[in-house]
Amino acid sequence: MPHPVSETATRAAVLGSPIAHSLSPVLHRAAYAELGLDAWTYDRYEVDEEGIADFLAGLDARWAGLSLTMPLKRAVLPLLDEVSETAASVEAVNTVVFTGEGRAFGDNTDIPGMVAALAERGISGVESATVLGAGATASSALAALSRVCEGEVTAYVRSEERAREMHGWGERLGVAVRTVDWARAAEGLRAPLVVSTTPAGATDGLAQAVPASGGTLFDVLYDPWPTPLAAAWPGTVLGGLDLLVHQAVLQVEQMTGRSPAPPAAMRAAGEAELRSRTV
């Protein structure tokens, strides 16, 4: 695991565009407080694909690491010295750590974060799974399912192009993927594990089609929460905050070299922040 450049490295931040909504500062600062890292700071910066190279070039030895959100997860790849196998498998980096050798190391904590969130609910293996959507998050979901799902993954998509992309990711990740038109997405709700990777509103129409006794729903959205689909779900429900917390735990551990990071404190801080946004 990479460590900060030196004991004096105490800065971290999340980059992306748009970035104002990000919960990462709340989660990381809660972890720093619990770990007694009083000198550490974690901020947010509005940075797009055109600005990421200049931002990285302007960092000094005080920086330990960065969290990345869209649209930077792929744009950063050519700017890094090294990329983990996990990040390379989906061509997406959400974590940059500046190592002791002064090198920029890229990782993807979304994938093990999703696996850890499921494990927290006692889900370590399922016979089959459904993925709703085929956007950027879907590839990470497939990578996580390669560690959890023993059989076929059915992806419900809106176009032939998306179907080809999902088949390509399935082949690359070693996952048996079947694609079905989005119009039949209600059929997928009967799977033992349903992972929704769609934008807000996309699954609202499915709320009336949930089965009487559902398996597990993992909806990666967190604001607004619950989504209509999550509110109607009769079985176990995981949300975007579960994913955010578990991927952030891994980021904190990599950037600070302190382990274990405190998921309970981070979750409580995230929940409080989301409640404040609805007031």
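The second largest pocket of this predicted model holds about 270 Å³ of space. Of the 13 residues that line the second largest pocket, Tyr-222, Trp-225, Leu-241, Glu-271 and Leu-274 are the closest to its centre.

**Second largest pocket**
- Helix H10 (263-278) supplies the largest share of the lining, five residues.
- H9 and H10 each give at least two residues to this lining.
- By class, the lining has five nonpolar, three polar and five charged residues.

**Largest pocket**
- The volume of the largest pocket is about 1,100 Å³.
- It is lined by 43 residues, and those closest to its centre are Thr-69, Met-70, Lys-73, Thr-137 and Val-220.
- Two or more lining residues come from each of strand S3 (63-68), helix H3 (72-75), H5, H6, S8 and helix H9 (240-256).
- H9 gives the most to this lining, with five residues.
- The lining divides into 21 nonpolar, 15 polar and seven charged residues.

**Sheet and the helices on it**
- Six strands form an open sheet with parallel pairing, in the order S9-S8-S7-S10-S11-S12.
- Strand S9 (177-181) and strand S12 (236-238) are the edge strands, each pairing on one side only.
- Neighbouring strands of the sheet are turned by 20° against each other on average, direction ignored.
- Strand S7 (129-132) pairs with strand S10 (193-196) over three bridges, and Leu-132 stands opposite Ser-196 in S10.
- Helix H6 (136-148) packs on the sheet and touches S7, S8, S9 and S10, with its direction at about 170° to that of S7.
- Helix H5 (110-120) lies across S10, S11 and S12 and runs at about 145° to S11.

Notes: Residues are numbered from 1 along each chain as its sequence is written. This is a predicted model: local features need pLDDT of at least 70, side-chain atom pairs count only at pLDDT 80 or more; totals for chains, interfaces and linings use all residues. Side-chain values use heavy atoms; hydrogens and water are left out. Two strands pair if DSSP finds at least two bridges between them. Helices (H or I, at least four residues) and strands (E, at least two) are DSSP runs, numbered from the N terminus. Axes are lines fitted to C-alpha atoms, for helices over the stretch in contact, and angles run from 0 to 180 degrees between N-to-C directions. Contact means heavy atoms within 4.5 Å. On a 1 Å grid over the protein atoms alone, a cavity is a set of points where a 1.4 Å probe fits but cannot get out, and a pocket is an open set with protein on both sides within 12 Å along at least five of seven lines; lining residues have an atom within 4 Å of a point. Grid points are joined across faces, edges and corners, and a volume is the space filled by probe spheres set on the points. Ala, Val, Leu, Ile, Met, Phe, Trp, Tyr, Cys and Pro count as nonpolar, Asp, Glu, Lys and Arg as charged, and the others, Gly among them, as polar.
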